[in-house]
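Please look over the model shown here before reading on.

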Amino acid sequence: MAVSAHEAVSPGPVRDHTPPARRSGGRGRSVLEVALLTVLAVVMLFPVLWMIETSIKENRDVYAIPAKFFDFKVTLDHFRDVFVASGGGPSTLSVSFLNSVVVAGVSTVLATVLGVPAAWAYSRFGVKAKKDQLFFILSTRFMPPVVVVIPIFLMYRQAGLINTQLGLILIYAAFNVPFTIWMMKGFVDEVPPEYEDAAMLDGYTRLQAFRRYTLPLLLPGIAATAVFALIFSWNEFVFAIFLTSSDNVRTAPPAIAGLIGGTTVDWGLVAAASVVFALPVLVFAYLVRKHLVAGVTLGAVRR
Amino acid sequence: MGTVAVYGLCKSFGKVQAMDGVTLDVPDGSFFVVLGPSGAGKTTTLRAIAGLEKLDAGSVRLDGTDATGDTPAARDLAMVFQNYALYPRHTVYENIASPLRARRRSSSEIAAAVERMSTLLHIEPLLRRRPAQLSGGEMQRVALARALVRRPRAFLMDEPLTNLDLKLRVEMRTELTRIHRSLGATFVYVTNDQVEALSMADQVAVLKEGKVQQVGTPAEVYERPANQWVAGFVGSPQISLLACHAEGDRLVGADGWTLPRPRWTTAEDGRPLLLGLRAEDLSVERRGNASLPGELYGLEPLGDRTVVDVRVGTEILKVKARPTVTGTPGERLLVTVDLDRAHLFDAGTGLALSEAGR
Ligand SMILES: Nc1ncnc2c1ncn2[C@@H]1O[C@H](COP(=O)(O)OP(=O)(O)OP(=O)(O)O)[C@@H](O)[C@H]1O
Ligand SMILES: [Mg+2]
């Protein structure tokens with residue numbers, strides 16, 4: 001309740017533009033920093049670079065020993081193969097990408113639509129045993145999917161949800177709702193409840209007050225949370241491989257994994273599919289880079 | 001019509017009892033001030049009237065009908081929040097228009113009303129700005145405008161002037177009293193500033209730790225404080241309290257002084273009492289028959305007057321004197337007491353002794 005007038009309005013941009021004072025010997029330190037960061041970046045990024053290189057190499061260059069780093073012929077054939085089947089028409093991989101888009105998209109929308117109002121309620125109302133409920137909700141995320149995949153497989157078989165997009169959408173939404181509630185509760189807590197109080201005295205109902213005055217302030221938080229949910233659903237592998245079997249339902253992660261195996265592996269195709277698969281995640285991660293660190297400490301998000 | 005009445009309001013937040021049986025009766029058209037220190041439960045009381053707080057017990061009646069279960073919108077009240085709660089994404093114009101929009105008034109009517117308010121509160125140049133671009137005083141006036149734009153049953157105001165500088169605060173005090181008089185509407189006004197309460201109110205309710213200590217006109221609360229705590233909270237400089245007891249026709253202080261016993265005191269001999277003396281009822285300049293011997297402890301010049309601290313035994317008396325008064329600490333002097341204006345409290349309960357004989 002103790003919200004000062006200063007907190008009640010978003011503070012303007014900080015006007016103090018004086019550059020931070022350089023520490024003594026800053027130069028030597030920054031050289032060391034750059035060196036260490038370079039080493040780290042090379043180690044971390046090499047697999048990614050190698051994947052990208054492989055995706056644009058011809059197959060004989062892929063297997064060349066010693067490995068060719070720079071002097072190879074660039075080809076986009078693999079990318080064509082990702083989307084187009086050898087006999088023409090859409091490839092199985094492109095179908096799986098489409099499935100991923102549908103499953104990740106719908107499950108994210110579902111988790112957001114359910115999670116945001118729940119977070120609002122947990123933030124605003126005196127729910128009984130609130131802390132215990134919130135802990136229980138969070139605890140559903142402690143379990144790795146692989147632990148519950150067998151019981152869920154059995155349940156899904158009874159319910160006829162095996163090998164359906166709906167099945168994946170439901171399980172992803174179920175996994176993302178707790179996360180959405182926790183992250184969004186942090187954002188809702190940041191919005192003073194007095195806006196809604198004032199709106200109710202103006203003559204709006206509680207829900208109208210939420211929609212008119214709180215929801216617009218939550219939009220950046222909702223976007224960030226949804227992107228996290230989207231990335232989870234997009235990347236998810238365990239449920240996808242256990243709960244789907246046919247090519248027309250399967251999402252991209254198991255589909256790409258399926259390319260590896262058999263006697264010959266078309267590494268160029270695997271790499272190209274992986275690049276296509278990684279791109280949306282990179283784009284989204286870039287969009288929410290500010291929240292990535294904060295998101296690790298769920299609920300403790302400050303804007 | 002615009003009467004507000006609350007009966008036995010109780011509300012606790014965990015272990016904190018924010019309201020403990022608050023009962024208030026606000027007459028139609030009055031400027032009713034709820035006065036109390038920080039944490040007394042003033043905001044909680046106002047929010048309970050507005051329907052923003054779920055009550056543990058008690059009821060709220062508006063215009064004589066029970067409104068305890070009504071939604072805030074249905075209660076037809078307007079409120080100025082302690083932190084203003086201006087909608088940050090909306091312009092000043094939209095903020096002021098919000099109560100009318102919510103009630104689906106026509107846009108021409110809204111435009112006229114917002115213009116009237118912005119003229120009244122001198123905020124015409126601000127209408128296109130957002131709250132973040134306003135100063136504290138401007139925000140406060142916008143919050144007032146948003147409340148005053150409609151004619152609700154009653155206006156609830158939560159320390160609306162607290163964040164202003166002294167000059168603006170004094171100006172706005174006069175302005176608000178003027179607005180109240182011209183509207184003839186019911187104001188429930190919360191403050192922790194006793195000067196504000198005494199200068200603006202028709203009626204004051206003094207609140208402490210969720211309990212109403214006294215309700216009355218400013219004069220009543222000042223002249224006849226119901227208990228020792230109210231006497232100490234209302235009035236500046238603070239009232240001086242001396243431990244004593246009655247003995248025949250005399251009051252005998254714990255520090256050995258004696259004074260004639262006021263005629264109206266009913267206390268039996270020997271009962272521990274507190275003698276309350278306000279600074280303006282004491283003098284170091286006049287000669288009189290009732291006086292206390294003490295020594296000068298300190299001088300506090302305040303421009304228009306000087307407060308003289310006089311040590312009597314172990315206690316300090318605050319005495320109001322002319323600004324020209326001088327003296328050196330340690331100097332012995334006599335404090336003249338206007339016993340007809342003195343207050344006596346039971347030292348055990350803190351309650352004022354019956355003053356029926358006055
Ligand atoms: N939402 C809340 N949760 C927990 N405690 C609360 C809440 N609201 C108020 N309190 C407590 O209830 C008591 C009364 O609070 P209230 O805000 O009514 O005081 P106040 O008289 O308005 O004080 P101030 O002059 O500082 O605004 C305080 O002790 C406060 O800490
Ligand atoms: Mg308050």
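Ligand 1 lies between chains A and B. This is a predicted model, in which local features need pLDDT of at least 70, side-chain atom pairs count only at pLDDT 80 or more, and totals for chains, interfaces and linings use all residues. Residues are numbered from 1 along each chain as its sequence is written, chains are lettered from A and ligands numbered from 1 in the order in which they are written, and side-chain values use heavy atoms, with hydrogens and water left out.

Q: Which element gives the most residues to the shell around ligand 1?
A: The shell, counted as residues with a heavy atom within 4 Å, holds 14 residues, with Lys42(B) and Thr44(B) among the closest. Helices here are DSSP runs (H or I, at least four residues), and strands are runs of E of at least two, numbered from the N terminus. With three residues, the element that gives the most is α1(B).

Q: How far from an oxygen atom of ligand 1 does a polar side-chain atom of Ser38(B) lie?
A: A polar contact is a pair of N or O atoms within 3.5 Å. For Thr43(B), a polar side-chain atom lies 2.6 Å from a ligand oxygen atom, while for Ser38(B) the distance is 2.5 Å.

Notes:
Polar contact = N/O pair within 3.5 Å; in protein donor to acceptor, adjacent residues only side chain to side chain.
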